[in-house]
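Let's take a walk through a protein together, one stop at a time. Keep the picture open as you read, and try to find each place for yourself.

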Amino acid sequence: MEDVLSQAPLFVALNDEAASALRSTMVEVKISRGDDLFTEGDPGEHLYVIVKGKIKLGTTSGDGRESLLAVLGPGEMFGELSLFDPGPRTATATAITDSVVLGLGHEDLVPWLSGRPVVSQELLKALAQRLRRTNEALADLVFSDVPGRVAKALIELSEKFGTRRDDGLYVSHDMTQEELAQLVGASRETVNKALAEFAQRGWVRLEPRAILLVDTDRLTRRAG
Ligand code: CMP
(Lines give C-alpha, C1' and ligand atoms only; values in the text may rest on other atoms or scores of the structure.)
Protein backbone atom coordinates (compact mmCIF):
# COMPACT_ATOMS: atom_id res chain seq x y z
CA MET A 1 0.00 0.00 0.00
CA GLU A 2 1.13 3.58 -0.64
CA ASP A 3 3.20 4.86 2.33
CA VAL A 4 1.36 8.12 2.43
CA LEU A 5 -1.94 6.31 3.03
CA SER A 6 -0.79 4.39 6.08
CA GLN A 7 -0.46 7.72 7.93
CA ALA A 8 -3.89 8.99 6.85
CA PRO A 9 -6.51 9.22 9.65
CA LEU A 10 -8.62 6.50 8.08
CA PHE A 11 -5.72 4.01 8.00
CA VAL A 12 -3.40 4.92 10.84
CA ALA A 13 -5.14 2.73 13.45
CA LEU A 14 -5.34 -0.32 11.16
CA ASN A 15 -2.89 -3.20 10.88
CA ASP A 16 -1.48 -4.00 7.43
CA GLU A 17 -4.10 -6.61 6.64
CA ALA A 18 -7.08 -4.43 7.59
CA ALA A 19 -5.54 -1.45 5.79
CA SER A 20 -5.11 -3.44 2.57
CA ALA A 21 -8.68 -4.73 2.82
CA LEU A 22 -9.99 -1.18 3.20
CA ARG A 23 -7.74 0.08 0.40
CA SER A 24 -9.15 -2.54 -1.98
CA THR A 25 -12.71 -1.25 -1.43
CA MET A 26 -11.74 2.31 -2.36
CA VAL A 27 -12.11 3.69 -5.85
CA GLU A 28 -9.25 5.59 -7.45
CA VAL A 29 -10.16 8.88 -9.11
CA LYS A 30 -7.75 10.92 -11.23
CA ILE A 31 -8.38 14.65 -11.45
CA SER A 32 -6.58 16.92 -13.89
CA ARG A 33 -5.25 20.27 -12.78
CA GLY A 34 -8.06 22.83 -12.72
CA ASP A 35 -10.89 20.29 -12.67
CA ASP A 36 -13.50 20.06 -9.91
CA LEU A 37 -14.09 16.76 -8.12
CA PHE A 38 -17.31 18.09 -6.62
CA THR A 39 -19.04 21.41 -6.20
CA GLU A 40 -20.38 23.20 -3.13
CA GLY A 41 -24.05 22.27 -2.75
CA ASP A 42 -23.72 18.83 -4.45
CA PRO A 43 -25.07 15.89 -2.44
CA GLY A 44 -22.12 14.45 -0.50
CA GLU A 45 -21.69 10.75 -1.09
CA HIS A 46 -17.97 9.97 -0.74
CA LEU A 47 -15.08 10.68 1.54
CA TYR A 48 -11.71 11.07 -0.19
CA VAL A 49 -8.09 10.56 0.75
CA ILE A 50 -5.40 12.21 -1.35
CA VAL A 51 -2.73 9.88 -2.72
CA LYS A 52 -0.98 12.37 -4.98
CA GLY A 53 -1.31 16.06 -5.80
CA LYS A 54 -2.94 19.06 -4.19
CA ILE A 55 -6.62 19.83 -3.74
CA LYS A 56 -8.08 23.22 -2.85
CA LEU A 57 -11.37 23.55 -0.99
CA GLY A 58 -13.13 26.78 -1.80
CA THR A 59 -16.43 28.56 -1.36
CA THR A 60 -18.01 31.27 -3.48
CA SER A 61 -19.94 34.19 -2.03
CA GLY A 62 -23.29 35.33 -3.38
CA ASP A 63 -21.58 38.03 -5.45
CA GLY A 64 -19.08 35.59 -6.96
CA ARG A 65 -16.00 36.18 -4.82
CA GLU A 66 -13.99 33.07 -3.96
CA SER A 67 -12.39 32.11 -0.69
CA LEU A 68 -10.15 29.15 0.05
CA LEU A 69 -10.79 27.17 3.23
CA ALA A 70 -7.75 24.94 2.82
CA VAL A 71 -5.23 23.42 0.45
CA LEU A 72 -4.67 19.74 1.15
CA GLY A 73 -1.94 17.32 0.11
CA PRO A 74 -1.09 13.60 0.16
CA GLY A 75 -2.44 11.69 3.16
CA GLU A 76 -5.11 14.26 3.98
CA MET A 77 -8.83 13.55 3.73
CA PHE A 78 -11.80 15.64 2.72
CA GLY A 79 -15.51 15.18 2.15
CA GLU A 80 -16.04 13.99 5.72
CA LEU A 81 -18.44 16.75 6.79
CA SER A 82 -21.30 15.44 4.70
CA LEU A 83 -20.52 11.98 6.08
CA PHE A 84 -20.86 12.88 9.75
CA ASP A 85 -23.58 15.46 9.12
CA PRO A 86 -25.45 14.28 6.00
CA GLY A 87 -26.15 17.21 3.72
CA PRO A 88 -24.77 19.13 0.77
CA ARG A 89 -21.05 19.68 0.20
CA THR A 90 -19.83 22.71 2.15
CA ALA A 91 -17.11 23.55 -0.38
CA THR A 92 -15.92 22.90 -3.94
CA ALA A 93 -12.93 20.55 -4.32
CA THR A 94 -10.61 21.47 -7.21
CA ALA A 95 -7.28 19.95 -8.20
CA ILE A 96 -4.47 22.52 -8.30
CA THR A 97 -2.09 19.94 -9.73
CA ASP A 98 -2.89 16.66 -11.47
CA SER A 99 -4.08 14.56 -8.54
CA VAL A 100 -5.10 11.06 -7.53
CA VAL A 101 -7.60 10.48 -4.73
CA LEU A 102 -9.25 7.40 -3.28
CA GLY A 103 -12.97 7.58 -2.63
CA LEU A 104 -15.07 5.61 -0.20
CA GLY A 105 -18.88 5.70 -0.30
CA HIS A 106 -20.53 6.99 2.84
CA GLU A 107 -22.98 4.07 2.68
CA ASP A 108 -20.12 1.57 3.01
CA LEU A 109 -18.14 3.62 5.47
CA VAL A 110 -20.81 4.16 8.14
CA PRO A 111 -21.45 0.46 8.92
CA TRP A 112 -17.72 -0.28 8.62
CA LEU A 113 -16.91 2.42 11.17
CA SER A 114 -19.52 1.26 13.68
CA GLY A 115 -17.42 -1.85 14.35
CA ARG A 116 -14.17 0.14 14.57
CA PRO A 117 -14.29 2.77 17.33
CA VAL A 118 -10.53 3.33 17.15
CA VAL A 119 -10.77 4.42 13.51
CA SER A 120 -13.73 6.67 14.38
CA GLN A 121 -11.57 8.23 17.08
CA GLU A 122 -8.84 8.97 14.53
CA LEU A 123 -11.37 10.62 12.25
CA LEU A 124 -12.66 12.70 15.18
CA LYS A 125 -9.09 13.71 15.94
CA ALA A 126 -8.58 14.89 12.36
CA LEU A 127 -11.88 16.79 12.53
CA ALA A 128 -10.87 18.42 15.83
CA GLN A 129 -7.52 19.49 14.34
CA ARG A 130 -9.39 21.02 11.43
CA LEU A 131 -11.65 22.96 13.80
CA ARG A 132 -8.65 24.19 15.80
CA ARG A 133 -6.99 25.44 12.63
CA THR A 134 -10.20 27.09 11.42
CA ASN A 135 -10.69 28.85 14.79
CA GLU A 136 -7.14 30.11 14.61
CA ALA A 137 -7.65 31.36 11.05
CA LEU A 138 -10.83 33.13 12.17
CA ALA A 139 -9.01 34.83 15.05
CA ASP A 140 -6.20 35.83 12.66
CA LEU A 141 -8.73 37.43 10.31
CA VAL A 142 -9.85 39.62 13.21
CA PHE A 143 -6.59 40.23 15.05
CA SER A 144 -3.70 39.92 12.55
CA ASP A 145 -2.69 42.20 9.69
CA VAL A 146 -2.27 40.90 6.14
CA PRO A 147 1.55 40.43 6.29
CA GLY A 148 1.07 38.41 9.51
CA ARG A 149 -1.51 36.20 7.81
CA VAL A 150 0.69 35.79 4.72
CA ALA A 151 3.62 34.75 6.94
CA LYS A 152 1.40 32.22 8.70
CA ALA A 153 0.08 30.80 5.41
CA LEU A 154 3.66 30.36 4.16
CA ILE A 155 4.67 28.53 7.33
CA GLU A 156 1.61 26.27 7.10
CA LEU A 157 2.25 25.53 3.42
CA SER A 158 5.89 24.75 4.19
CA GLU A 159 4.82 22.22 6.82
CA LYS A 160 2.75 20.39 4.19
CA PHE A 161 4.68 20.88 1.00
CA GLY A 162 8.14 22.09 1.97
CA THR A 163 11.38 20.31 1.11
CA ARG A 164 14.64 21.16 2.83
CA ARG A 165 17.39 22.55 0.56
CA ASP A 166 20.82 24.04 1.25
CA ASP A 167 19.51 27.55 0.69
CA GLY A 168 16.24 27.18 2.65
CA LEU A 169 12.88 25.51 2.74
CA TYR A 170 11.50 25.16 -0.79
CA VAL A 171 7.70 25.29 -0.94
CA SER A 172 6.20 24.27 -4.24
CA HIS A 173 2.62 25.38 -3.52
CA ASP A 174 1.38 25.42 -7.16
CA MET A 175 -0.99 28.29 -6.41
CA THR A 176 -1.47 31.45 -8.42
CA GLN A 177 -1.14 34.77 -6.60
CA GLU A 178 -4.92 35.04 -6.75
CA GLU A 179 -5.32 31.69 -4.99
CA LEU A 180 -2.77 32.64 -2.34
CA ALA A 181 -4.77 35.82 -1.71
CA GLN A 182 -8.00 33.79 -1.45
CA LEU A 183 -6.33 31.54 1.13
CA VAL A 184 -5.14 34.50 3.19
CA GLY A 185 -8.45 36.37 2.89
CA ALA A 186 -7.11 39.61 1.41
CA SER A 187 -6.80 41.32 -1.96
CA ARG A 188 -4.16 40.16 -4.42
CA GLU A 189 -2.51 43.60 -4.27
CA THR A 190 -2.10 43.57 -0.47
CA VAL A 191 -0.82 40.00 -0.46
CA ASN A 192 1.67 40.78 -3.26
CA LYS A 193 2.87 43.82 -1.34
CA ALA A 194 3.50 41.70 1.77
CA LEU A 195 5.35 39.06 -0.29
CA ALA A 196 7.46 41.72 -2.01
CA GLU A 197 8.35 43.18 1.38
CA PHE A 198 9.39 39.76 2.74
CA ALA A 199 11.50 39.22 -0.41
CA GLN A 200 13.10 42.63 -0.07
CA ARG A 201 14.08 41.85 3.53
CA GLY A 202 15.63 38.59 2.34
CA TRP A 203 13.20 36.34 4.23
CA VAL A 204 11.87 34.64 1.09
CA ARG A 205 12.62 34.24 -2.62
CA LEU A 206 9.63 34.31 -4.93
CA GLU A 207 9.17 32.01 -7.90
CA PRO A 208 6.11 31.31 -10.03
CA ARG A 209 3.96 28.85 -8.04
CA ALA A 210 6.72 28.30 -5.50
CA ILE A 211 8.53 30.18 -2.77
CA LEU A 212 11.82 29.61 -1.02
CA LEU A 213 11.69 30.35 2.72
CA VAL A 214 15.14 31.62 3.59
CA ASP A 215 14.49 32.88 7.12
CA THR A 216 11.75 30.79 8.72
CA ASP A 217 12.49 32.21 12.20
CA ARG A 218 11.64 35.74 11.14
CA LEU A 219 8.57 34.56 9.26
CA THR A 220 7.38 32.55 12.25
CA ARG A 221 7.79 35.62 14.47
CA ARG A 222 5.93 37.78 11.94
CA ALA A 223 3.12 35.18 11.88
CA GLY A 224 2.65 35.88 15.63
P1 CMP B 1 -17.83 18.16 2.67
O2 CMP B 1 -18.71 19.25 3.20
O3 CMP B 1 -18.40 16.81 2.49
O4 CMP B 1 -17.22 18.67 1.28
C5 CMP B 1 -16.35 19.80 1.32
C6 CMP B 1 -15.21 19.47 2.21
O7 CMP B 1 -14.28 20.51 2.44
C8 CMP B 1 -15.71 19.17 3.63
O9 CMP B 1 -16.53 18.04 3.61
C10 CMP B 1 -14.40 19.11 4.36
O11 CMP B 1 -13.76 17.88 4.13
C12 CMP B 1 -13.62 20.21 3.66
N13 CMP B 1 -13.64 21.45 4.48
C14 CMP B 1 -14.70 22.23 4.75
N15 CMP B 1 -14.34 23.23 5.56
C16 CMP B 1 -13.03 23.08 5.83
C17 CMP B 1 -12.08 23.79 6.61
N18 CMP B 1 -12.41 24.90 7.28
N19 CMP B 1 -10.82 23.32 6.66
C20 CMP B 1 -10.46 22.22 5.97
N21 CMP B 1 -11.32 21.50 5.22
C22 CMP B 1 -12.57 21.92 5.15
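How are α6 and α7 oriented to each other, roughly parallel or roughly perpendicular? Keep in mind as you look that this is a predicted model. Two packed helices are described by the angle between their axes and by the distance between those axes. Here, helix α6 covers residues 146-161 and helix α7 covers residues 177-184. Their axes come within 10 Å and cross at roughly 105°. Angles from 65 to 115 degrees count as roughly perpendicular, and α6 and α7 are therefore roughly perpendicular to each other. On the α6 side, the contact is made by Val 146, Arg 149, Val 150, Ala 153 and Leu 157. Helix α7 contributes Leu 180, Leu 183 and Val 184. Sorted by class, the contact of α6 with α7 has seven nonpolar residues, one charged residue and no polar ones.

Stay with helix α7 for a moment and find Gln 182, which lies in this helix. Is Gln 182 buried or exposed? Its relative accessibility is 13%, and buried means under 20%, so Gln 182 counts as buried. Leaving aside its neighbours within four places in sequence, Gln 182 is in contact with Glu 66, Ser 67 and Leu 68.

Next, step back to the loop between β10 (168-171) and α7, where you will find Asp 174. Most residues other than glycine have a negative phi. Asp 174 is not a glycine, yet its phi is positive, at about 65°. Asp 174 also counts as buried, because its relative accessibility is 18%. Arg 209 gives you another positive phi in a residue other than glycine, this time near 60°. Look for Arg 209 in the loop between β11 (204-207) and β12 (210-213). With a relative accessible area of 31%, Arg 209 is partly exposed.

Now let's visit the ligand. Which residues come nearest to the ligand? Of the 14 residues around it, Gly 79, Glu 80, Ser 82, Arg 89 and Thr 90 come nearest. Arg 89 has an N or O atom in its side chain that is 2.7 Å from an oxygen atom of the ligand. A polar side-chain atom of Arg 130 lies 3.4 Å from a ligand oxygen atom. Leu 81 takes part through its backbone: an N or O atom there lies 3.3 Å from an oxygen atom of the ligand.

His 106 lies in helix α4 (residues 106-114) and is buried, with a relative accessible area of 10%.

Ser 120 lies in helix α5 (residues 117-143) and counts as partly exposed at 24% relative accessibility. Ser 120 and Pro 9 are 111 residues apart in sequence, while their C-alpha atoms are 9.0 Å apart in space. Leu 37, in strand β2 (residues 36-38), is 68 residues along the chain from Gly 105, and their C-alpha atoms are separated by 14 Å. Not counting residues up to four places away in sequence, Leu 37 touches Val 29, Ile 31, Tyr 48, Phe 78, Ala 93 and Val 101.

Note on methods:
Residues are numbered from 1 along each chain as its sequence is written. This is a predicted model: local features need pLDDT of at least 70, side-chain atom pairs count only at pLDDT 80 or more; totals for chains, interfaces and linings use all residues. Side-chain values use heavy atoms; hydrogens and water are left out. Axes are lines fitted to C-alpha atoms, for helices over the stretch in contact, and angles run from 0 to 180 degrees between N-to-C directions. Helices (H or I, at least four residues) and strands (E, at least two) are DSSP runs, numbered from the N terminus. Angles under 35 degrees count as roughly parallel, over 145 as roughly antiparallel, 65 to 115 as roughly perpendicular and the rest as oblique. Contact means heavy atoms within 4.5 Å. Ala, Val, Leu, Ile, Met, Phe, Trp, Tyr, Cys and Pro count as nonpolar, Asp, Glu, Lys and Arg as charged, and the others, Gly among them, as polar. Buried means under 20% relative accessible area, exposed over 50%, partly exposed in between (1.4 Å probe, protein chains only). A residue is near a molecule or strand if one of its heavy atoms lies within 4 Å of it. A polar contact is a pair of N or O atoms within 3.5 Å; within protein, one must be able to donate a hydrogen and the other to accept it, and residues adjacent in sequence count only if both atoms are side-chain atoms.
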